[in-house]
Amino acid sequence: RGEWLRRVGVAPSAAVLARVANGDRGESMWPTICPGDMVLIDTSRRDIPNRPSDYKSRKGPIYAFTTEEGARVKRIAQLDDAVILVSDNPNVPPEFIKREQWASINVIGKVVWWGHTAEE
């Protein structure tokens, strides 16, 4: 609903809903975002924040983007010479993309909400 979107700071025209893949491909953000979860993406928020070199937390903002592998959802931050993609799943190592390769990445927007339906 438009009213709820505006209340959470998302213009209705910039709101996109997507479903995270089921199976192994959707497990990289577990336990925060589970396979099959719905995510709300604010397409007006595409700027990736800079991350200081001494930053220790794994909890940066989450973005939806596409690569040659398809659509993905990860925590993203810019470092001095690379962009880092961080999964919440401790079994998935961070990925580093050199800045010159970043042009091939299409940032869809910032993930501002996610939720899932209880399984029966």
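**Pockets and salt bridges**

The largest pocket holds about 360 Å³ of space. Its lining comprises 23 residues, and those closest to the pocket centre are Val20, Arg25, Ala71, Arg72 and Val73. Two or more lining residues come from each of strand 1 (15-19), strand 2 (38-42), strand 3 (62-67) and strand 4 (70-78). Strand 4 contributes the most, with four residues. By class, the lining of this pocket has 14 nonpolar, two polar and seven charged residues. The model is predicted.

The second largest pocket holds about 170 Å³ of space. Its lining is made up of 11 residues. Pro35, Gly36, Asp37, His116 and Thr117 lie nearest the centre of this second pocket. Here the lining has four nonpolar, four polar and three charged residues.

Side chains of opposite charge can pair when their charged atoms come close. Three salt bridges are present in the structure. One joins glutamate 69 to arginine 72, with 3.8 Å between the closest N and O atoms. Glutamate 69 has a relative accessibility of 53% and so counts as exposed, the cut-off being over 50%. Arginine 72 has a relative accessible area of 13%. Arginine 72 is therefore buried, since the limit for that class is under 20%.

Arginine 72 also meets glutamate 95 in a salt bridge, at 2.4 Å from N to O. This pair links distant parts of the chain: glutamate 95 belongs to strand 6 (residues 95-98) and arginine 72 to strand 4, 23 residues apart. Glutamate 95 counts as partly exposed, at 28% relative accessibility.

The remaining bridge pairs arginine 75 with aspartate 88, at 2.6 Å from N to O. Arginine 75 is buried, at 9% relative accessibility. Aspartate 88 is buried as well, with a relative accessible area of 10%. Through shared partners, salt bridges join Glu69, Arg72 and Glu95 into one network.

Arg72 is among the residues closest to the centre of the largest pocket. Arginine 72 also pairs with glutamate 69 and with glutamate 95.

Methods
Residues are numbered from 1 along each chain as its sequence is written. This is a predicted model: local features need pLDDT of at least 70, side-chain atom pairs count only at pLDDT 80 or more; totals for chains, interfaces and linings use all residues. Side-chain values use heavy atoms; hydrogens and water are left out. On a 1 Å grid over the protein atoms alone, a cavity is a set of points where a 1.4 Å probe fits but cannot get out, and a pocket is an open set with protein on both sides within 12 Å along at least five of seven lines; lining residues have an atom within 4 Å of a point. Grid points are joined across faces, edges and corners, and a volume is the space filled by probe spheres set on the points. Ala, Val, Leu, Ile, Met, Phe, Trp, Tyr, Cys and Pro count as nonpolar, Asp, Glu, Lys and Arg as charged, and the others, Gly among them, as polar. A salt bridge is a side-chain nitrogen of Lys or Arg within 4 Å of a carboxyl oxygen of Asp or Glu. Buried means under 20% relative accessible area, exposed over 50%, partly exposed in between (1.4 Å probe, protein chains only).
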